[in-house]
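Me: Could you take a close look at one part of this chain for me? I'd like to know what the record says about it and how that stretch sits against the rest.

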Amino acid sequence: MHIDQRYLTQYLIKHGAISPEQALKHCEGIPGAPIRDITQLKNTVLAINRDISRQGFKLVWKFCEVTKQELLIWTNTKRDDIALHQLSFTPIELQYFHTIMEEILSDESHRLPYPAVLNLTSGLTSQFSRDSGQKAFQSWVANGYFVQLDDYVYLGPRLIVEFTTYLKSKFPEQTCKLCSELVFTGKSCSLCHKLLHNYCLDKYLARENKCPSCRKAWVEQTDEADDWNGSSE
């Protein structure tokens with residue numbers, strides 16, 4: 001692996017999920033081989049993936065619907081269930097992580113108020129304090145597993161990528177009609193209530209003004225709760 005690839009790989013292992021801007025800024029410091037633009041960055045990512053795929057890892061570009069930001073994510077491709085984190089989480093942290101994820105998934109809007117996330121620690125062992133939960137949670141936000149915005153918590157892009165198989169098996173209807181990837185935040189059709197990624201829908205509506213699911217004239221659902229979540233029928 002070349003020095004530029006090692007430099008970027010080590011940074012991603014540490015941070016989990018980074019923006020292209022963060023990657024380029026970090027790679028300015030590569031001795032003798034800086035990565036100067038997005039084209040070089042994407043070519044470096046391709047080269048890294050060729051090297052790490054045999055080890056069960058992959059760098060993935062993922063657009064975050066909540067923050068409207070593209071991210072580069074370090075992902076584990078060996079397993080996509082909660083057990084893949086057993087080496088890096090303590091058993092109680094693993095339980096807390098799983099609890100947060102399941103509570104978000106069970107909520108109609110697929111988001112939770114931040115105080116509610118911290119309150120979930122009360123259902124765990126007394127040895128796991130609210131402060132311990134807050135520290136663990138913030139590390140997961142920093143690594144792209146969850147997104148915290150305007151005092152709400154959402155599934156993060158890294159969690160969605162690594163848990164794709166599990167999430168699709170549990171929520172087979174939560175796929176975007178336009179890209180077939182999981183969608184938990186976006187815009188819904190007012191007629192069929194199908195949820196679509198914002199970025200997929202924007203590109204689609206630029207050339208056609210019909211819902212890609214029901215094929216009726218596109219009218220966005222404006223109910224506040226359903227702006228964040230929808231289901232296919």
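Reply: The UniProt annotation "domain: RING-type", from an unreviewed entry, covers residues 176-215. Keep in mind that the model is predicted.

Now for the wider layout. The chain splits into domain 1 (3-76), domain 2 (82-159) and domain 3 (173-222), and the annotated stretch, 176-215, falls inside the bounds of domain 3, 173-222. Taken over C-alpha atoms, the centres of domain 1 and domain 3 are 30 Å apart. The two do touch, though: 5 residues from domain 1 and 6 residues from domain 3 make up the contact.

What does that contact bury? About 440 Å² goes between domain 1 and domain 3, with 51% of it on carbon and sulfur atoms. On the domain 1 side, Lys-62, Phe-63 and Glu-65 supply 84% of the area buried against domain 3, more than any other three residues.

As for polar interactions, domain 1 and domain 3 have 3 residue pairs in polar contact, counting pairs with both residues at pLDDT 80 or more. Sorted by class, the side of domain 1 that touches domain 3 has 2 nonpolar and 3 charged residues, and no polar ones. The rule also finds 1 salt bridge across this interface. Lys-62 turns up again here: its side chain meets that of Glu-181 in a salt bridge, at 3.2 Å from N to O.

The salt-bridge count by this rule comes to 5. Arg-158 and Glu-162 both sit in helix H7 (residues 157-162), 4 residues apart, or about one turn of the helix.

Methods
Residues numbered from 1 in each chain as written. Predicted model: local features only at pLDDT ≥ 70, side-chain atom pairs only at ≥ 80, totals over all residues. Heavy atoms only, no water. Domains from an automatic or database assignment. Contact = heavy atoms within 4.5 Å. Buried area = accessible area lost by both parts, 1.4 Å probe. Salt bridge = Lys/Arg side-chain N within 4 Å of Asp/Glu carboxyl O. Polar contact = N/O pair within 3.5 Å; in protein donor to acceptor, adjacent residues only side chain to side chain. Nonpolar A, V, L, I, M, F, W, Y, C, P; charged D, E, K, R; others polar. UniProt positions renumbered as here; feature names shortened; annotations may be inferred. Helix = DSSP H or I, 4+ residues; strand = E, 2+ residues; numbered from the N terminus.
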